Amino acid sequence: MVSINYAFKEIWCKIVFYGPGLSGKTTNLQYVHQKIPPQAKGELISLATDQDRTLFFDFLPVDIGKINGFSIKFQLYTVPGQVYYNATRRLVLRGVDGLVFVADSQRTKMPENIESYQDLLENLEGYEYDLEKLPLVFQYNKRDLSDVCSVEELESTLNPQGLPHFEAVAIQGRGVFDTLKCISKLVLDQAKGKQVVSESEVLVKEMIVDKSKPAPPQSMADLEEAKTPASASLFPETLESLKEKEVDAMGQGKLSIAPEEWSGSPPPSGCQPGHSEEPLSSQPKTETEPSTPEKREGFETQKEEKLSEGFIYDGEEKRQEGGPPPPQAKGSPTIISWSSARQKKEIKPKGFFLWRFLNRLIKR
Amino acid sequence: MGQEYQVIYEEEIGEIERILNRLVKNSHAKCALLVDKDGHLITRLGFTQSLDTTALAALLAGSFASTKEIARLVGEPEFSVLFHQGKKDHIHVCLAGERSILAVIFDDRTTLGLVRLYAKEISEELATVLASATKKKRDKGTQMDSDFSASLESKLDDIFSEGEPKPTKPSNLNG
C-alpha cells in the first residue's frame with residue numbers, strides 16, 4: 001500500500017523481489033546497495049540464517065529524491081525462496097506495491113520457477129489483491145550460465161501475458177538497475193493514478209469501440225479480429241478482458257508444464273546453451289515500446305493453436321474424439337497464469353455441464 | 001488491498017504527536033514510534049536521532065506480522081502486545097487501531113508496568129484519531145503534475161546508474 005505522508009512530504013512504496021530459492025533476489029539487493037550513491041540508500045538489513053540464506057526478508061530503503069515537493073522512497077524487500085518458508089513469504093507480501101519475479105534461467109530450475117510463481121499468485125489471492133493492477137516485472141537471472149532456457153521459453157512458461165521482462169546476471173549487476181527502474185516507474189505511475197496506455201492500445205481501443213460498441217465480442221471471429229500485435233501493452237483493459245474471455249472460452253484456466261520437459265537431457269528447440277557469449281539484451285516490453293513481432297507471434301501462435309484444437313468450451317469433448325492430446329502431462333505441476341488468476345472467480349455458463357452430459361448420452 | 005492508499009495529513013500527525021508526547025513524558029520513555037503494519041513509519045517522537053527509524057519500522061512490522069502468524073497457529077486471533085527485554089533498553093510494542101503499531105523504547109529509568117499502562121491508554125486514543133482520519137474524505141490530490149514522469153525518469157537514471165552518480169538537475173526539483 002502506497003503511503004503518502006503530507007506532514008513529512010514523503011511517499012513510501014514497497015517493492016518485493018519474489019522467486020525460487022537461490023535465484024538471486026538477495027544478490028539484486030546487494031548490488032543495488034553497492035552501487036547507488038550513499039545519500040540515496042539506507043542500511044541493507046538481512047534476516048538470514050548462518051549459511052546466508054534469507055530467513056525472513058532482506059530490506060533496503062532507497063530514497064529517490066524529491067519530485068514535486070515529495071520525497072519518493074522505496075522499500076525493497078526480498079522473500080525467502082525455500083518452499084517451507086511460505087508463511088514468511090506471505091507476510092512480506094503484505095502491503096506490496098510492486099513485484100519483481102526473479103526467475104532462475106537454468107533449465108533444471110524451471111519447475112522451481114513455476115512452483116514459486118504459482119505460490120506467488122496464491123499468496124496474493126490470500127490478500128485479495130487486484131492482480132490486474134499490481135505492477136509485476138520479470139527478471140530472468142543467471143543468463144551467463146550454460147544450459148539456460150531461452151527467453152522465449154521462459155516467456156511462454158512464466159509470462160505469456162507479456163509483462164515487462166529483463167535478462168540479468170545479478171552477480172555482475174547486469175539487468176539489475178533496468179529491472180528496478182522499470183518496476184519503480186510502474187509503481188509510481190500506479191500511485192499517481194495514471195492510466196498507462198500506449199499509442200497502439202489507443203488505436204485498438206478505438207477500433208473496438210467503433211466496431212462493437214454495444215456488445216463485447218461473442219464469436220470466435222470477433223476474438224480473432226481483436227487479436228492484434230498491439231495487445232502486448234501493459235494491462236490493457238479492453239484487450240485484457242478479451243484475453244480473459246478467450247481463456248475462459250477455451251476452458252483453459254491453467255497452463256501446464258511437465259517437469260520432465262525441463263529436466264530432461266535433450267533441450268527443446270530454441271534453447272541455446274552457452275548464452276554467456278552473447279551480449280545481454282534487456283528489452284522491457286514497456287507500455288511505450290511497440291512489441292517485437294517475434295515475441296507476439298509466438299504468443300499469438302500459441303493461442304491460435306489452442307483455438308484450432310477446438311478448446312472453445314467443449315475442448316475435452318473434442319480431444320476425446322481424436323484431437324491432439326491435452327497439453328497437461330500426468331503429475332505435472334500446473335501454473336495459473338496472471339490473467340487466468342484474475343478471472344478465476346468467473347464460472348462456466350449455466351447449463352454447460354448439463355449440455356455436456358446430454359451430449360454424451362446422445363452419442364452413446 | 002494493493003491499490004489502497006494510506007494518506008496521513010499534517011493535522012493528524014499534529015494530533016498524533018501531541019498524544020505521543022504525553023506518552024513519552026508520562027511514562028519516562030526514551031522514544032515512541034508509530035508504524036503502519038506494512039512497515040512504513042508514520043511518525044516518531046523522543047530521542048530518535050541515533051536510531052535508524054526506517055529500518056526499525058520495517059523490522060517492527062515484520063516482527064509483529066510473524067507474531068500474528070504464531071498467534072494464529074496457537075489459536076489466537078492476534079497477540080496485541082509484544083515486549084522485548086534488553087540489558088539496558090527495552091521495547092514495548094502494541095497495536096494502535098487496526099492498521100498501526102505503537103512501539104515504545106525505554107530504559108531502566110522507568111518500569112514496564114508504567115509504560116504498559118500509558119501505552120494501553122494512548123493506543124486507544126491513537127486508534128480513534130487514525131480511524132477518524134481514514135473516514136475523512138479529502139479532496140487534496142497528491143500534487144503530482146504532468147512533469148512528474150519526466151522528473152521521475154531523470155531521478156531514476158541518476159540513482160540507478162552503473163557508474164558515478166550524475167549531478168541532479170535542479171529544474172526537476174520542486175521542493
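1. A residue is called buried here if 20 or more other C-beta atoms lie within 10 Å of its own, exposed if 12 or fewer, and partly exposed in between, with C-beta atoms placed from the backbone. Helices (H or I, at least four residues) and strands (E, at least two) are DSSP runs, numbered from the N terminus. In those terms, strand S2 of chain A, residues 10–18, is mostly covered, with eight of its nine residues buried.

2. This is a predicted model, in which local features need pLDDT of at least 70 and side-chain atom pairs count only at pLDDT 80 or more, while totals for chains, interfaces and linings use all residues. Residues are numbered from 1 along each chain as its sequence is written, and chains are lettered from A and ligands numbered from 1 in the order in which they are written.

3. Two strands pair if DSSP finds at least two bridges between them. Strand S1 of chain A (residues 2–5) pairs with S2(A) in the antiparallel sense over three bridges; A:Ile4 has A:Ile11 in S2(A) as its bridge partner. The two strands form a hairpin with four residues between them. In that turn, A:Lys9 has a positive phi of about 55°.

4. Counting a contact when the C-beta atoms of two residues, placed from the backbone, lie within 7 Å, 49 residues of chain A are in contact with 43 residues of chain B. On chain A, at least two residues of this side come from each of S1, S2, strand S4 (54–67), helix H2 (86–93) and helix H5 (176–192). S4(A) gives the most, with eight residues.

5. pLDDT is the predictor's confidence in each residue, from 0 to 100; chain B averages 83, and 82% of the residues score at least 70. Over residues 164–175 of chain B, pLDDT stays under 50.
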